[in-house]
Amino acid sequence: MHRTFCLLLCLSLAGLAAARAADPQAYAVTIADTGHDDLDKALHASSQLEGLQKKATISPFALVSRARDDVPRLETALDSFGYFGNRVTITIEGHDIGDPDLPAVLDDVPAGKDVTAKIAIETGPLYHLRDLVLQGTVPESARKALKIDRGAPAVSAELVAGAGRMLAALQEDGYAFAKVTGPTADADDAAHVLDVTYDVEPGARVQIGAIALKGLKDVNEDFVRGALTVHSGDLYKPSKIEAARQTLVQLGVFSGVSVRAADHATADGRVPLTFDFTERKRHAVNFTALYSTDLGLSVSTTWSHRNLFGNAEQLNLTAMATQIGGNATSGLGYDVSAQFIKPDFLALDQSLEFDLSGVKASLEAYDQTAETLGGVFRRKFSRLWSGSAGLTVTEDQVTQEDVTRLYQILGLPVTANYDSTGINGLIGDPVKGYRASFAVTPTVALGAGTLGFVVLQASGSTYFDISGDGRSVLALRALAGSIEGGTNTDLPPDQRLYAGGSATVRGYAYQSIGPLFADDNPIGATSVDAATIEYRQRILGDWGAAAFVDAGQASAQPTPFTGTLRVGTGVGARYYTPIGAVRVDLAVPVTPIPHGDAFEVYLGLGQAF
């Protein structure tokens with residue numbers, strides 16, 4: 001019986017050992033620093049020991065195999081930075097991964113104990129470029145595009161990028177079927193240098209051939225051809241072809257536009273192009289809602305026809321209910337409008353727009369009922385600059401302090417705009433670049449006499465990508481406005497300037513900053529200025545937070561910066577969606593005003609600016 005018990009005990013211990021050898025083996029890994037931040041990042045990114053450490057369980061045997069696979073991966077990373085004489089050594093529990101005793105050492109590790117893997121790096125000397133040879137007939141534009149000098153560090157990524165730059169330069173110069181092979185390198189290990197060769201075959205210089213348009217249904221082909229910015233006979237340039245594609249996308253009638261070139265030139269040395277289109281649905285209905293404690297809830301619906309007559313004409317009909325509640329309002333309001341846009345009017349990059357609107361507003365500052373008819377001519381001058389000029393006629397009935405007047409107002413707004421943010425639309429989320437807008441509006445008001453005046457307005461914002469990935473952004477905003485030609489009490493109340501609210505100084509009710517009547521209702525001003533500093537931080541993927549300080553003033557003097565400065569500060573939350581950031585801001589006044597509120601809340605779509 002004693003022998004039987006010993007035999008069973010031995011079998012049990014053997015089974016436990018076998019089971020222990022098959023258990024997942026947890027480990028910790030360290031990679032020695034090289035003193036070169038970019039190289040260290042590349043090494044960490046290349047290591048499977050580190051990258052898969054917490055993502056996949058592994059047996060002791062597979063751990064050794066994973067470490068062995070890491071050696072060539074890390075050597076390649078070192079080679080790519082010009083350290084071709086490198087050496088990578090990996091140990092586990094103090095044993096080299098080539099040690100035949102290592103599997104047994106790992107089998108003896110107690111259950112639940114992490115083993116230690118250490119990666120030692122010897123970079124060796126940094127290799128430099130000695131000779132650069134371009135074989136073949138190489139145009140000067142391609143030579144300049146290489147941008148690699150003899151004596152530079154032999155960084156593989158830069159050598160490969162040089163080949164890409166040469167190929168792009170050749171194609172941009174009309175060599176549509178150019179080939180760049182290489183780089184091939186010969187190392188002189190004694191001198192620690194590389195000799196690099198590129199083989200360049202430019203081929204023939206070609207022009208754009210026949211242009212085919214496929215997928216058009218409701219959009220007229222003649223209109224699309226008129227909107228094309230490339231034509232048969234033009235020199236083949238990928239950048240201009242891509243710009244033409246982007247122009248077609250911006251017409252608003254296509255959900256997708258792609259372009260493809262033939263894989264060979266025709267007998268006359270031309271390359272045919274084919275544009276493929278996917279048309280958007282002609283009709284769309286949008287619903288929006290905004291809320292703030294000062295203006296209350298606003299809800300609107302817009303019905304749009306994107307291609308009214310087949311030439312991308314837009315018709316937008318909007319109905320909005322406004323001032324549902326709100327501490328700066330005195331009743332319900334509405335805003336109904338019709339808008340017609342004719343793109344590419346008389347020339348590319350310019351449009352003609354007609355607007356008809358009816359507004360009812362019941363605010364602490366005044367009550368208004370107005371109908372406006374307007375037309376505006378818009379022009380895009382360059383990638384960054386655009387402008388407009390228009391004419392508006394308004395029938396305007398306004399009541400302020402129990403005095404009602406009827407005005408007929410004629411305005412001639414002229415604007416210039418600059419935008420380097422790369423963001424289209426008002427609800428985008430800019431993270432870098434600048435925006436600026438300038439407006440001059442000569443105006444004549446008939447009613448209580450005849451008054452001519454000019455409204456001058458300027459605004460700008462800039463964005464700094466602090467983190468480099470768009471997750472930490474510092475945003476700055478400033479604006480100023482002035483009215484020349486009349487005192488604030490001469491002007492129609494709705495034409496005066498006001499401050500307070502989300503567009504100027506948060507924390508104060510809409511139109512509450514500036515001159516006041518004896519009952520503390522707003523009079524309106526002839527000058528206004530405001531500035532904002534806002535920090536935006538993304539958190540947990542689609543969530544974000546913001547902190548801001550706003551400051552501004554409004555004055556009865558026509559010169560900005562002459563009123564009583566008001567400062568508001570607050571915090572906000574953001575939820576980022578494909579159509580823009582859902583924004584909630586809570587702001588408080590730092591410098592209170594008579595009968596002001598303790599705080600204001602703003603809820604909307606898109607950043608504040």
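Me: Which residues of helix H2 (residues 37-46) are buried?
Reply: This is a predicted model, where local features need pLDDT of at least 70, side-chain atom pairs count only at pLDDT 80 or more, and totals for chains, interfaces and linings use all residues. Residues are numbered from 1 along each chain as its sequence is written, and side-chain values use heavy atoms, without hydrogens and water. Buried means under 20% relative accessible area, exposed over 50%, partly exposed in between (1.4 Å probe, protein chains only). In H2, the buried residues are Leu39, Asp40, Ala42, Leu43 and Ser46.

Me: Within what arc do the buried residues of H2 fall?
Reply: The arc is taken from the directions from the helix axis to the C-beta atoms. Seen down the axis, the buried residues line one face of H2, because they fall within an arc of 160°.

Me: Which exposed residues does the face of H2 turned away from its buried side carry?
Reply: Helices (H or I, at least four residues) and strands (E, at least two) are DSSP runs, numbered from the N terminus. On H2, the face turned away from the buried side carries Asp37, Lys41 and Ala45.

Me: How far apart are the closest N and O atoms of Asp550 and Arg506?
Reply: A salt bridge is a side-chain nitrogen of Lys or Arg within 4 Å of a carboxyl oxygen of Asp or Glu. Asp550 and Arg506 form one, with their closest N and O atoms at 2.8 Å.

Me: How many residues apart in sequence are the parts that Asp550 and Arg506 tie together?
Reply: Asp550 lies in strand S24 (residues 543-555). Arg506 is in the loop between strand S22 (472-484) and strand S23 (527-539), so the parts tied together are apart by 44 residues.
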